[in-house]
Amino acid sequence: MSAEPRINDRIRVPEVRLVGPNGEQVGIVSVPDALRLAQESDLDLVEVAPTARPPVAKLMDYGKFKYESAVKARESRKNQSNTIIKEIKLRPKIDPHDYETKKGHVVRFLKGGDKVKVTIMFRGREQSRPELGRRLLARLAEDVQDLGMVESQPKQDGRNMVMVIGPHKRRSDHKAEARAAAGDKPRRESSDQA
């Protein structure tokens, strides 16, 4: 079965509920009469609700209808935003400078509108001290609370502890903001001299 609606001669039912080109109800009409009306008005007979009893058919320009539905589908795909999860890995005994570097990466990802999965890897005896990991994750969440919020609380997952931080703004908002900022910058005029 194709997803395309049946048109003109492909409609194999004895009668249809006909809708005119401007949306007006014509009534229940036999298919040959509906096809004749479609030819007279130089339009196609398109089955819009095949499961109804009797099926609903509409007089319309099928090519224009297909084009408009393709444009709508393209627009809806353009407005979709797919979520990207970036991952940062830390150790419980991280150096302060390394922590600041990793925090900078988290800030950059959140400003870009991406979610961040923060993983703390425990090795050896560190596994017996999960509170070190929790403290580090709580500190990181507090440091970036103006950009994002904790979406999933820290969870122990084998040797790792995982927490997800999501941005306050959606990715599309960040893109629009970046475009507006780029549009505000003055452009340099190109000189005609060679």
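User: Among contacts between residues at least 6 apart in sequence, what share joins residues at least 24 apart?

Analyst: That share is 56% in this chain. Keep in mind that this is a predicted model.

User: Noted. What's the secondary structure, in numbers?

Analyst: The chain has five helices and eight strands. Going along the sequence, the pattern reads β-β-α-β-β-α-β-α-β-α-β-β-α.

User: And how much of the chain is buried?

Analyst: Of its 194 residues, 28% count as buried. The accessible surface is about 13,800 Å², and carbon and sulfur atoms account for 48% of that.

User: OK, sheets. Which strands form the open sheet, and in what order?

Analyst: Four strands do, in the order β5-β6-β8-β7, with mixed pairing. β5 (85-90) and β7 (148-157) are at the edges with a single partner strand each, so one side of each has no neighbour in the sheet. From one strand to the next, the twist averages 20 degrees.

User: How do β6 and β8 pair?

Analyst: Strand β6 (residues 115-121) and strand β8 (residues 160-167) are antiparallel, paired over six bridges. If you want a spot to look at, valine 116 sits opposite isoleucine 165 in β8.

User: Which strands does α3 touch?

Analyst: Helix α3 (residues 96-111) packs on the sheet and touches β5, β6, β7 and β8. The direction of α3 makes about 170 degrees with that of β5. Helix α4 (residues 130-143) also packs on the sheet, touching β5, β6, β7 and β8. For α4, the direction is about 10 degrees from that of β8.

User: Back to α3. Which residues in there are buried?

Analyst: Those are Tyr99, Lys103, Val106, Val107, Phe109 and Leu110. Looking down the axis of α3, the buried residues fall within an arc of 160 degrees, so they line one face of the helix. As a rule, an α-helix has 3.6 residues a turn, so residues three or four places apart point the same way.

User: What's exposed on the face turned away from that buried side?

Analyst: His97 and Lys111 are the exposed residues carried by that face of α3.

User: What span should α3 have, and what does the model give?

Analyst: At 1.5 Å a residue, its 16 residues should span 22 Å, and the end C-alpha atoms of α3 are 22 Å apart, which agrees. After α3 comes glycine 113, with a positive phi near 90 degrees.

User: New topic: what links β3 to β4?

Analyst: A hairpin does, running through six residues. Strand β3 (residues 44-49) and strand β4 (residues 56-60) run antiparallel and are joined by five bridges. In that pair, glutamate 47 stands opposite alanine 57 in β4.

User: Is the peptide bond from arginine 53 to proline 54 cis or trans?

Analyst: Cis, with omega near -10 degrees. Proline 54 is in the loop between β3 and β4. For background, most peptide bonds are trans.

User: Where's aspartate 42, and what's its phi?

Analyst: Aspartate 42 is in the loop between α1 (31-40) and β3. Its phi is near 60 degrees, a positive value in a residue other than glycine. In general, most residues other than glycine have a negative phi.

User: Is aspartate 42 buried or exposed?

Analyst: Exposed: the cut-off is over 50% relative accessible area, and aspartate 42 has 69% relative accessibility, so it counts as exposed.

Methods. Residues are numbered from 1 along each chain as its sequence is written. This is a predicted model: local features need pLDDT of at least 70, side-chain atom pairs count only at pLDDT 80 or more; totals for chains, interfaces and linings use all residues. Side-chain values use heavy atoms; hydrogens and water are left out. Helices (H or I, at least four residues) and strands (E, at least two) are DSSP runs, numbered from the N terminus. Buried means under 20% relative accessible area, exposed over 50%, partly exposed in between (1.4 Å probe, protein chains only). Contact means heavy atoms within 4.5 Å. Accessible areas come from the Shrake-Rupley method with a 1.4 Å probe; for residues, only the protein chains shown count as cover. Two strands pair if DSSP finds at least two bridges between them. Axes are lines fitted to C-alpha atoms, for helices over the stretch in contact, and angles run from 0 to 180 degrees between N-to-C directions. The expected span of a helix is 1.5 Å times one less than its number of residues. The arc is that of the directions from the helix axis to the C-beta atoms.
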